[in-house]
Amino acid sequence: MPVENRTDTSALEAPSTDGTTARLLVEEPGRPPRVVVLPSGAEVRVGRAPHLEVSLDDARVSRVHAVISYDGRAVHVRDEGSSNGTFVGTTRVAGIQPVAPGSMIQIGKTRIALVAGAGDPIRPETHGPVVGTIASGNDVVAVDPATVSLFALVRRLAASDLPVLIQGETGSGKEVVARALHRHSRRAGNSFLGINCATLTEALAASELFGHERGSFTGADVRKTGLFESADGGTLLLDEVGELSPTNQARLLRALQERAITRVGSTKPIPVDVRVVAATNRDLLVDVANGRFREDLYFRLNGMTLTVPPLRLRPRDIVPMAEKLLRERGGGWRLGPGVAGVLQAYRWPGNARELRNAIECAIALAEGNELRVEHLPPALRGDSEVRNLHTTTLPLRSKVDEVERGAILAALEAAGWNQSRAAQDLGVSRRGLIYKMERYGLKARPNAGRDDP
């Protein structure tokens with residue numbers, strides 16, 4: 001069957017009319033993204049040869065490197081004996097491997113994302129701006145369905161000037177969501193400014209937000225332009241808005257109602273055209289009920305609420321986020337055996353900020369350009385080792401044994417205790433994995449699914 005290959009990525013937001021096509025997004029450095037539409041029963045060959053359906057200009061890619069096929073139910077990738085391998089996420093493909101929607105196939109420098117398949121057509125209301133693992137720009141990773149849905153809603157809201165309240169735990173990515181709202185809006189050519197209200201005293205908050213006239217208070221030697229004026233025509237993020245004092249809540253309410261601000265020490269109103277996005281890790285409705293936050297201001301800020309899920313509730317984002325952080329560092333950094341399993345087993349109380357710190361820590365400790373389990377912060381390794389209650393711990397002969405046991409346990413957890421998949425993730429044979437499990441007293445989890453023979 002013919003394969004449709006086009007550079008117009010608007011096809012990503014068109015619904016599949018019959019549910020019998022899969023869509024791939026090919027992101028090759030130096031070329032515009034290409035959408036490949038696979039009908040049921042079709043396959044595409046990927047490689048350096050010019051006659052292939054997906055021809056890549058990359059010396060590290062074999063002439064016929066891999067084949068991607070669609071049978072109407074699932075997409076599969078098959079490596080054709082390439083020298084440098086084909087990867088789904090961080091796993092090297094051996095034989096034929098199914099590819100789940102949202103997964104990323106890596107071939108040389110090129111990334112190929114499966115963005116929809118049968119029964120999972122791309123519709124704006126569910127997938128919106130998904131482009132591979134990048135949903136709304138280079139600072140956004142959205143692979144997990146929870147994050148994909150969030151950024152689909154972000155893109156729709158960006159078209160309006162509706163005030164948005166972003167809720168989420170500290171470090172979960174509220175500012176990233178606010179920047180995506182700005183980037184997709186008509187205001188994208190103007191300023192995006194932000195301020196953390198929790199760091200400001202009452203007097204300083206009024207000056208920072210609305211500006212002040214010279215001589216309006218001790219130390220006001222010059223006139224100051226506030227953030228509302230500076231963001232005119234653009235977007236202003238008020239982070240931790242629940243920390244504003246009652247006086248400044250009243251000032252903010254007046255500015256939003258009148259679309260004008262008055263500098264401290266002045267009586268002259270100054271019109272401003274600003275979209276205000278507020279963010280908080282507090283439950284503002286509870287604060288309203290307790291009298292800590294003005295109800296009228298809450299409804300002024302909350303035209304629509306977006307909730308950013310914590311990292312532990314979007315586990316499919318964790319490894320792509322780590323890989324993105326490594327790409328940003330350059331130098332060919334990669335995740336070593338077992339690391340992905342440890343990252344996914346950890347609960348990340350500090351969310352994306354803690355993940356960044358963990359990767360930076362591992363880079364600092366690594367001797368080459370491969371991050372291994374022993375390079376990760378101790379909290380991550382410890383968390384993965386105490387998760388399973390069905391293991392018998394034997395005395396460990398060395399720190400190396402302790403690290404190896406933790407890596408094996410994390411890989412088994414990540415693979416749902418499927419020994420073949422865990423062995424593949426660790427880069428060892430299944431027989432070798434079973435030997436290590438016996439050595440470290442790691443018994444098969446009760447009621448686990450039957451493993452392959």
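Predicted model: local features only at pLDDT ≥ 70, side-chain atom pairs only at ≥ 80, totals over all residues.
Residues are numbered from 1 along each chain as its sequence is written, and side-chain values use heavy atoms, leaving out hydrogens and water.

The axes of H1 (residues 145-158) and H2 (residues 174-183) come within 8 Å and cross at roughly 40 degrees (axes are lines fitted to C-alpha atoms over the stretch in contact, with angles from 0 to 180 degrees between N-to-C directions).

## Where the helices meet

Leu150, Phe151, Val154, Leu157 and Ala158 in H1 meet Val176, Val177, Ala180 and Leu181 in H2 (contact means heavy atoms within 4.5 Å). By class, this contact has 9 nonpolar, no polar and no charged residues (Ala, Val, Leu, Ile, Met, Phe, Trp, Tyr, Cys and Pro count as nonpolar).

## Strands side by side

Now to the strands (DSSP runs of E, at least two residues; helices are H or I runs of at least four). An open sheet of 5 strands runs E5-E4-E6-E7-E10 with mixed pairing (a pair needs at least two DSSP bridges). Its edges are E5 (54-55) and E10 (96-99). Within this order, E4 and E6 run antiparallel, joined by 4 bridges, and Val46 stands opposite Ala66 in E6.

Elsewhere, E13 (residues 164-167) runs parallel to E18 (residues 275-280) through 4 bridges, with Gln167 partnering Thr280.
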